[in-house]
Amino acid sequence: MLEIPLYESGIPNEVPGPDEEKIERSVDQVKKTEVIRISNVRKPTLTVFLPPKGKANGTAVVICPGGGYARLASGHEGYDVAKKFNEQGITAFVLKYRLPDAKVTANPELAPLQDAQQAIMLVRKRAKEWQVNTEKVGILGFSAGGHLASTAGTHLSKTTVPNQANINLRPDFMMLIYPVISSEKEIAHLGSFENLLGKGATEAKLKEYSNDIQVTAQTPPTFLVHASDDKAVKSENSIRFYQALLRNNIPAELHIYQQGGHGFGLVNASTKDLWFERGINWLGTNGFLK
């Protein structure tokens, strides 16, 4: 793996100040995996995970870890997932995106989307170097990272980064795992929306980022995973998005597990079924794998 700066020159809307990025590491005693939490991101990066030599199939995915727009769960919702994709010949990129913080950016609500669009642009720009097919570049997100991924796939008319080469910023597919989607109070993860938009966000602004009502015929094919007993981000978030996809004739697949809660990452311990395998099958069905 190789971590590279997301921006070759200046970071858009940057507010000068000290780099106070914080990385916390611990071990999940049940899963025996390392838990990594990153906060106060000032310098966004892309960590590149290349498949074994000769195994790359041209498909690529940008991974957006969750964390409520307050931190990034970059271990079990980032690096671990990227390695699994590599086993399938898929090139993976873990995005360390800026969180909506007025100390680091003059436009907090836009910073995560800028970084997601820049990541897609960078992957396509360097596609030959990384053996990537520019028509098979997707985005995956967990929880609030799922909100960011779905924003990248629905706010397609909004170009937020310099793009002189007019590179396509639309992801070719989306994979949304227990995603934050709707701002409707009955089902919203209010913490994510407050962190992204502020506590005093207008109804119009909340609707703008309620991505189930932003789906159009241009929204990419989407694979969704959730658990019925998710108390943090209700499964209705995925259901609403899935219904919107169907209304717009977008290829979509939804898996809702009876149990699993929130934040399970790659493995939902309540079932022998592996959503990752279902996701690989879905990619193949939709022509994103050789």
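Against which elements do the buried residues of α3 pack? In this predicted model, local features need pLDDT of at least 70 and side-chain atom pairs count only at pLDDT 80 or more, while totals for chains, interfaces and linings use all residues. Residues are numbered from 1 along each chain as its sequence is written, and side-chain values use heavy atoms, with hydrogens and water left out.

Helices (H or I, at least four residues) and strands (E, at least two) are DSSP runs, numbered from the N terminus. Helix α3 is mostly covered, with 11 of its 11 residues buried (under 20% relative accessible area, calculated with a 1.4 Å probe on protein chains only). Among these buried residues are H147, L148 and T151. The partners against which the buried residues of α3 pack are β5 (60-64), α2, β8 (137-142), β9, α4 and α6 (236-247); contact here means heavy atoms within 4.5 Å.

Helix α2 (residues 111-125) and helix α3 (residues 144-154) have axes that come within 10 Å and cross at roughly 65 degrees; the axes are lines fitted to C-alpha atoms over the stretch in contact, and angles run from 0 to 180 degrees between N-to-C directions. The two helices, α2 and α3, are therefore roughly perpendicular to each other (a class that spans 65 to 115 degrees). Their crossing is right-handed, a term for a near helix turned clockwise from the far one by less than a right angle. P112, L113 and A116 of α2 meet L148, T151 and A152 of α3 in this contact. By type, the contact residues comprise five nonpolar, one polar and no charged; Ala, Leu and Pro are among those that count as nonpolar.

Turning to the aromatic rings, the structure holds 11 aromatic pairs, where rings of Phe, Tyr and Trp (its six-membered ring) pair if their centres lie within 6.5 Å, and planes over 60 degrees apart count as edge-to-face. F173 and W282 form an edge-to-face pair, at 6.5 Å centre to centre with 75 degrees between the planes. This pair links distant parts of the chain, 109 residues apart: F173 lies in the loop between α3 and β9 (174-177), and W282 in helix α7 (residues 275-285). F173 is buried at a relative accessible area of 0%, and W282 counts as buried at 3%.

Y178 and F264 have ring centres 4.9 Å apart and planes at 70 degrees, so this pair is edge-to-face.

Methods: Angles under 35 degrees count as roughly parallel, over 145 as roughly antiparallel, 65 to 115 as roughly perpendicular and the rest as oblique. Rings of Phe, Tyr and Trp (its six-membered ring) pair if their centres lie within 6.5 Å; planes under 30 degrees apart count as stacked, over 60 as edge-to-face and the rest as tilted. Buried means under 20% relative accessible area, exposed over 50%, partly exposed in between (1.4 Å probe, protein chains only).
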